[in-house]
Amino acid sequence: MKPLPRTIVTYQEIVEREQKYLLNTYARYPIAIARGKGVFVFDVEGKRYLDLLAGLGVNALGHAHPRIVKVIRDQAAKVIHVSNLYYNEYQGLLAEKLCAKSGLDRAFFSNSGTEAIEGALKLVRAAGHANGGPEKCIVVALDNSFHGRTMGALALTGQPKYRKDFDPMLEGVRFVPRNDADALRAAMDEKVCGIVLEPIQGEGGIQEVSPAFLRACREAADRHHAALIFDEIQCGMGRTGQLFAFEHFGVTPDVVCIAKPMAAGLPMGAFLARQDFAQHISPGKHGTTFGGGPLACRVALEYLAILEDENLLERVRRVGGYFSQNLHELVGKLDIAVEARGVGAIQALELTIPGKPILDAAHANGLLFNVTQDTVLRFLPPFLLGEKHVDKAVRILRKLLAAAQKEQKKTAKNTAAAVTA
C-alpha cells in the first residue's frame with residue numbers, strides 16, 4: 001500500500017480549527033510550531049526561532065535530544081502504560097534516584113505540577129489531622145505566588161487575577177508577603193499544618209525568596225510541627241544550576257513539588273516527602289491512573305543521566321551567569337530597563353513599559369520568550385544554551401528596547417509640546 005500523501009497544514013487552518021472546537025482558554029501567540037532541534041524551533045512556514053521559553057521551562061534538554069528520542073522509541077515499543085495496580089521496573093528506580101539526590105524519603109508521581117501540589121496539600125493535611133486533630137489544617141502561602149489552576153492549587157495562589165470568578169476557594173489558607181518574617185510569625189499557630197512557597201516566584205515575575213526568610217519558614221514550621229513545602233515546579237530540576245532549588249538557597253523542605261522538565265517533555269510531576277509526613281498517606285488515600293507509568297519514568301531517568309553525562313548543571317551556572325551579566329548591562333544602558341533578576345536558566349528583565357510590544361517584535365526577529373506581570377520579560381531557556389545564543393538574544397533585545405525607548409521619548413516630547421502650545 002502506498003503511503004498517503006503528506007497534508008500541508010497552513011497556519012490559518014490550524015487557527016480556524018482551534019477557534020471552532022477548543023475551549024477558549026489560551027491567548028496564543030500567532031506562531032504554529034512544527035518541529036524543534038536543540039535550542040531552536042521552526043514554525044509551519046519554516047521560520048526559525050531561538051527558543052528562550054522552552055515550553056514554559058519544560059524542554060530543558062532542548063528539542064529532539066537524540067538520547068530522549070531513542071529511549072521513547074524503545075520503551076513505546078515495549079509498554080507505555082500498565083496502571084498503578086501493577087509494578088513497573090522504572091518507577092522504583094526513579095523514586096530511589098530522586099530521594100537519594102534530595103535527601104527526602106518517599107516519592108509520589110503525578111501527571112503535572114499542579115497535581116503534585118494537590119497531593120502535597122492532601123499529605124500535610126493528613127499529617128496535621130494525625131498530629132493535632134481536624135483543626136490543624138491551615139496552610140500559610142505567599143502573596144504574588146502561583147501554584148496551579150486546579151481548585152486546591154488555586155486556593156494557595158496569592159494573585160487575585162487567577163482566583164477571580166472561581167470563589168469560594170478552599171478554606172484555611174493565610175497569605176503573607178514574600179520576605180516578611182514578622183508577618184510569617186504572626187500567621188503561625190498550632191492550627192497551621194504547612195507553609196508552601198516557591199523559592200523563586202515564576203509567574204510572579206522571577207522574584208527570589210530570600211535565604212533569611214526561608215530559614216524563618218524552616219524555624220516556624222519546626223516550632224509548630226508543620227510541613228515546609230517548596231514548589232519547585234518552575235525553578236527546580238536543574239534550572240538554578242543545582243538539581244533542586246533548595247540546594248541553591250541552603251534550606252531543606254519537608255516536601256518538594258517538581259515537574260516541568262523531569263520527563264523531558266512528557267507530562268510528569270512528583271512530590272517528595274520526609275517519612276514522618278509521608279507515613280500519613282496509606283493505600284486508598286491518594287492515587288492516579290497515569291502517574292508514574294513506565295514510559296515517563298524511564299524518560300525521567302534518562303533526563304537525570306543526561307544532566308550528569310553532559311555536565312549540564314555546570315553549563316546552566318556558567319551560561320546563566322553570562323546571561324545575567326548581559327541583562328544587567330542592558331539595565332545600565334537603557335532607562336526603560338529597570339531591573340534584571342534571576343539565576344541560572346531562570347531570568348527576567350523588568351521594564352517601565354508594557355512588555356507585549358517588545359515580545360511581538362522579538363517574534364518577528366526570531367526570538368521566543370514571554371511576559372509576566374505585564375512588564376517583566378521572562379526567560380526559561382534550555383540548559384543547552386551557549387554564550388553565542390545569549391549574544392544573539394541580547395543583540396535583538398538591545399535593538400528592540402533602544403527603539404522602544406526612542407519612541408517613548410519622542411511621544412513624551414510631542415505630548416509636552418502639545419500641552420505648552
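Q: Which strands does helix H4 lie across, and at about what angle does H4 run to S4?
A: In this predicted model, helix H4 is formed by residues 91–102. This helix lies across S4, S11 and S12, and its direction relative to S4 is about 125°.

Q: What angle does the direction of helix H5 make with that of S11?
A: Helix H5, residues 113–132, also packs on the sheet, where it touches S4, S5, S7, S10, S11 and S12. Its direction and that of S11 make an angle of about 165°.

Q: In what order do the seven strands of the open sheet follow one another, and which are the edge strands?
A: The pairing in this open sheet is mixed, and the order of its seven strands is S4-S12-S11-S10-S7-S5-S6. Strands that pair on one side only are the edge strands, and these are S4 (106–110) and S6 (173–176).

Q: How many residues apart in sequence are the parts that the pair of Phe108 and Phe271 ties together?
A: The structure holds five aromatic pairs. Among them is the stacked pair of Phe108 and Phe271, with 5.5 Å centre to centre and 25° between the planes. Because Phe108 belongs to strand S4 and Phe271 to strand S12, the pair ties together parts whose separation in sequence is 163 residues.

Q: Is Phe271 buried or exposed?
A: The relative accessible area of Phe271 is 6%. Buried means under 20%, so Phe271 is buried.

Q: What is the angle between the planes of Phe244 and Phe246?
A: Phe244 and Phe246 are both buried. They form a stacked aromatic pair, 5.3 Å centre to centre, and the angle between the planes is 20°.

Q: Which residue lies over the face of Phe40?
A: Arg35 lies over the face of another ring, that of Phe42, at 4.0 Å from the ring centre. Over the face of Phe40, at 3.9 Å from the ring centre, lies Arg48.

How values were computed: Residues are numbered from 1 along each chain as its sequence is written. This is a predicted model: local features need pLDDT of at least 70, side-chain atom pairs count only at pLDDT 80 or more; totals for chains, interfaces and linings use all residues. Side-chain values use heavy atoms; hydrogens and water are left out. Two strands pair if DSSP finds at least two bridges between them. Helices (H or I, at least four residues) and strands (E, at least two) are DSSP runs, numbered from the N terminus. Contact means heavy atoms within 4.5 Å. Axes are lines fitted to C-alpha atoms, for helices over the stretch in contact, and angles run from 0 to 180 degrees between N-to-C directions. Rings of Phe, Tyr and Trp (its six-membered ring) pair if their centres lie within 6.5 Å; planes under 30 degrees apart count as stacked, over 60 as edge-to-face and the rest as tilted. Buried means under 20% relative accessible area, exposed over 50%, partly exposed in between (1.4 Å probe, protein chains only). A charge sits over a ring if NZ of Lys or CZ of Arg is within 6 Å of the ring centre and within 35 degrees of the ring normal.
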